Amino acid sequence: MKQQAIYRDLAKYYNLIYSFKNYEAESEKIKELIAKHCKSTGTALLEAGCGTGKHAALLNKDFDVVATDINEGMLNVARSHFPSLDIRQADMSQLNFEQEFDVIISLYSSIAYVKTQVKLKKTLQGFFKHLKVGGLVIFEPWFTKETYTVGVPSVKTYESEDTKIVRACVPKIINGVSIMDLNYLIAEKNQEVQHVIDRHEMGLFEIEDTLQLMKDIGFKAKYLKNGLMKNRGLYIGVKK
Ligand SMILES: C[S@@+](CC[C@H](N)C(=O)[O-])C[C@H]1O[C@@H](n2cnc3c(N)ncnc32)[C@H](O)[C@@H]1O
């Protein structure tokens, strides 16, 4: 069994699998939230967990974006599509840049990969440290224990002309952590079918705990129920 293979050796399939996502509309919503809530006036924006760089590239039209991710597989896809973007390898739970930013974003549940409450605290403290006073953090969580659908099977298919992919999963919780063993069958033209089991371990952080953590760190914090995707919401925090 592999871990996060879709962000590593299978990263070339990420944009096909997530082609349903409307990065344009999501980036517009992020811009609206920044205009409404950010109190610092600069344009420096850090993305943590940028994946293949689609939000970052769109936001780079209005901001000076630094796009970061832990996995080189994703960063390589981002670099190949957006060669002029400032793209750097970084673990969001151990950020250590010289620069302070006006905005930090982390979207599509990337933050849930830090998995534990202890590492979530460290990650949010790092975000706080890297923001200017009045700067804004926006992050999109994974599900909570209440909204995560344990045991409900799913099968999805994705295809382009020469690539056909089936993905099946029955979500579990082990020791309080969400476990998704994504079973991929990948059929490519003139190649043997690959079967890869790709495990994703993600923290199921409760809303009240996360808001309290943000407030303790020094953010003015809010949870927006209607975020970018159904049942995930968005956290926003302004550095006081
Ligand atoms: C579901 S993808 C989202 C990617 C992108 N934000 C999007 O909307 O398409 C999750 C991303 O989080 C990244 N990731 C996981 N753990 C991370 C960490 N500790 N620091 C930075 N990135 C991380 C993965 O490599 C992957 O690119």
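Helices (H or I, at least four residues) and strands (E, at least two) are DSSP runs, numbered from the N terminus. On that basis the protein has six helices and 13 strands. This is a predicted model, in which local features need pLDDT of at least 70 and side-chain atom pairs count only at pLDDT 80 or more, while totals for chains, interfaces and linings use all residues. Residues are numbered from 1 along each chain as its sequence is written.

Along the principal axes, the C-alpha atoms of the protein fill a box of roughly 55 × 40 × 30 Å. The radius of gyration, taken over C-alpha atoms, is compared with a globule rule of 2.2 Å times the number of residues to the power 0.38. For 240 residues a compact globule would have a value near 18 Å, and the protein agrees because its own value is 18 Å.

Two packed helices are described by the angle between their axes and the distance between the axes. Here the axes (lines fitted to C-alpha atoms over the stretch in contact, with angles from 0 to 180 degrees between N-to-C directions) of H5, residues 117-129, and H6, residues 207-217, come within 10 Å and cross at roughly 40°. H5 is therefore oblique to H6, since angles under 35 degrees count as roughly parallel, over 145 as roughly antiparallel, 65 to 115 as roughly perpendicular and the rest as oblique. Residues are in contact if their C-beta atoms, placed from the backbone, lie within 7 Å. On the H5 side these include Leu-120, Leu-124 and Phe-128, and on the H6 side they include Leu-213, Met-214 and Ile-217.

Of the 20 residues around the ligand, Gly-49, Gly-51, Tyr-108, Ser-110 and Tyr-113 come nearest.

Note on methods:
Contact = placed C-beta atoms within 7 Å. Near = placed C-beta within 6 Å.
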